[in-house]
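Notebook open, model loaded. I want to jot down what I look up as I go, starting with the charged pairs.

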Amino acid sequence: MAPRSDSAEAIVLNFVNEQNRPLNSQNVADSLQKFNLKKTAIQKALDTLADSGKISFKEYGKQKIYLARQDQFDIPNSEELNHMKEENAKLQKQLEDQNRAISEVEGEIKSLQSNLTLEQIREKEAKLRNEVKEMEEKLAKLRGGVTLVRPEERKAIEKVYSEQISHWRKRKRIFKDLWDAITENSPKDLKEFKVLYCVAQRGSSCIWPCTKFALTAVLFLQEELGIEYDEDVGVSLQSFSDLSQHSKKRTRGQ
């Protein structure tokens, strides 16, 4: 008589047949915890199934190993095994094709998600049209000879610019006088100083040791004080002054 489907024996028998591998009572108890079966109940069910011949078992000392009866399974012959291998290969190929197709679809989805939506495109188009309209209006004013900067505003800006150039020239002269006093025996020209320092760094014998020391001291002082020349930052007082003079000449010409 077969055990009831909800009994401990039925649950253990189904598990042992599904696993179809050697098991001890602890293996079965760990795997069937979801059924709230205690280890003693599982051990009793295993022993009952073994005694009734529904499962096989072997004793190894005090340990019992249980196994599903192999005569209940249909064992395929070599031809059936070859057919199963072929089917398995076909299924593997189908799986690879499906995974490849899934990857392509996921790539297309990511590409579409990175693109702008129709609403976003319309908003961007409207914004660009407004910018183009504003630029065209400015261009029309320039072509029509409209004065965008009033003469009084231009005069005020030129005055501020001229004052700043004067401050620049004055501070540059003050620094030069002060620096010349500090570096009395050193080259006054920046390019000459840098050339001499590079020669000294290479260990040239044509530079006196005292001169090398002086050059090194001057360079150290420059670095400590954070001194930067106009040439170091790519600007020229003369070019800015020329710009101011050019602006004044153009104003008089108008």
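I checked Asp 97 first: its relative accessibility is 30%, so I put it down as partly exposed, given that the middle class runs between the 20% and 50% cut-offs. This is a predicted model, and I keep that in mind for each entry.

Next, what does Asp 97 pair with? Lys 93 forms a salt bridge with Asp 97, and the closest N and O atoms are 3.1 Å apart. Lys 93 is partly exposed too, because its relative accessible area is 46%. Both residues sit in helix H4 (residues 78-114), 4 residues apart, which is about one turn of the helix. I then followed the charges along and found Arg 100 as well: Lys 93, Asp 97 and Arg 100 are linked in a network of salt bridges.

**Other salt bridges**

I ran the search over the whole structure and got 6 salt bridges. One of them joins the side chains of Arg 154 and Glu 158, at 3.4 Å from N to O. Arg 154 comes out at 27% relative accessibility, so it goes down as partly exposed. Glu 158 has 22% and is therefore partly exposed as well.

I also looked up Arg 69 and Asp 71, whose side chains meet in a salt bridge at 2.5 Å, N to O. Buried or exposed, I asked of Asp 71? Asp 71 is exposed, because its relative accessible area is 55%. Arg 69 has 32%, so I noted it as partly exposed.

**The hairpin**

From there I moved to the strands. Strand S1 (residues 55-60) pairs with S2 in the antiparallel sense over 6 bridges. Which residue in S2 is the bridge partner of Ile 55? I found Ala 68 there. The two strands make a hairpin with 2 residues between them, and Gly 61 in the turn has a positive phi of about 70°.

**The core**

Ile 55 turned up again when I looked at the largest nonpolar core, which has 17 residues. Ile 55 is listed among those with the most contacts inside that core, along with Val 12, Val 16, Val 28, Leu 32, Ile 42 and Leu 46. The elements giving two or more residues to this core are helices H1 (8-19), H2 (25-31) and H3 (39-51) plus strand S2 (63-68).

Setting aside neighbours within four places in sequence, I see Leu 32 in contact with Ile 11, Val 12, Phe 15, Leu 37 and Ile 42.

**A nonpolar patch**

Then I went to the surface. Val 233, Val 235 and Phe 240 form a nonpolar patch there, with about 210 Å² of accessible area together. Where is Val 235? It lies in the loop between helix H8 (209-225) and helix H9 (237-253). Val 235 counts as partly exposed, because its relative accessibility is 31%.

**Whole chain**

Last, the overview. I counted 9 helices and 2 strands in the protein chain, in the order α-α-α-β-β-α-α-α-α-α-α along the sequence. Buried residues make up 17% of the 254 residues. The accessible surface comes to about 20,700 Å², with 54% of it belonging to carbon and sulfur atoms. Among contacts between residues at least 6 apart in sequence, 54% join residues at least 24 apart.

Technical notes. Residues numbered from 1 in each chain as written. Predicted model: local features only at pLDDT ≥ 70, side-chain atom pairs only at ≥ 80, totals over all residues. Heavy atoms only, no water. Patch = residues over 30% accessible without salt bridge, like charges linked within 9 Å, V, L, I, M, F, W, Y side chains within 5 Å. Areas by Shrake-Rupley, 256 points an atom, 1.4 Å probe, with all protein chains shown as cover. Salt bridge = Lys/Arg side-chain N within 4 Å of Asp/Glu carboxyl O. Buried < 20%, exposed > 50% of the residue type's maximum accessible area, 1.4 Å probe, protein only. Core = buried A, V, L, I, M, F, W, Y, C linked by side-chain atoms within 4.5 Å. Contact = heavy atoms within 4.5 Å. Pairing = 2+ DSSP bridges.
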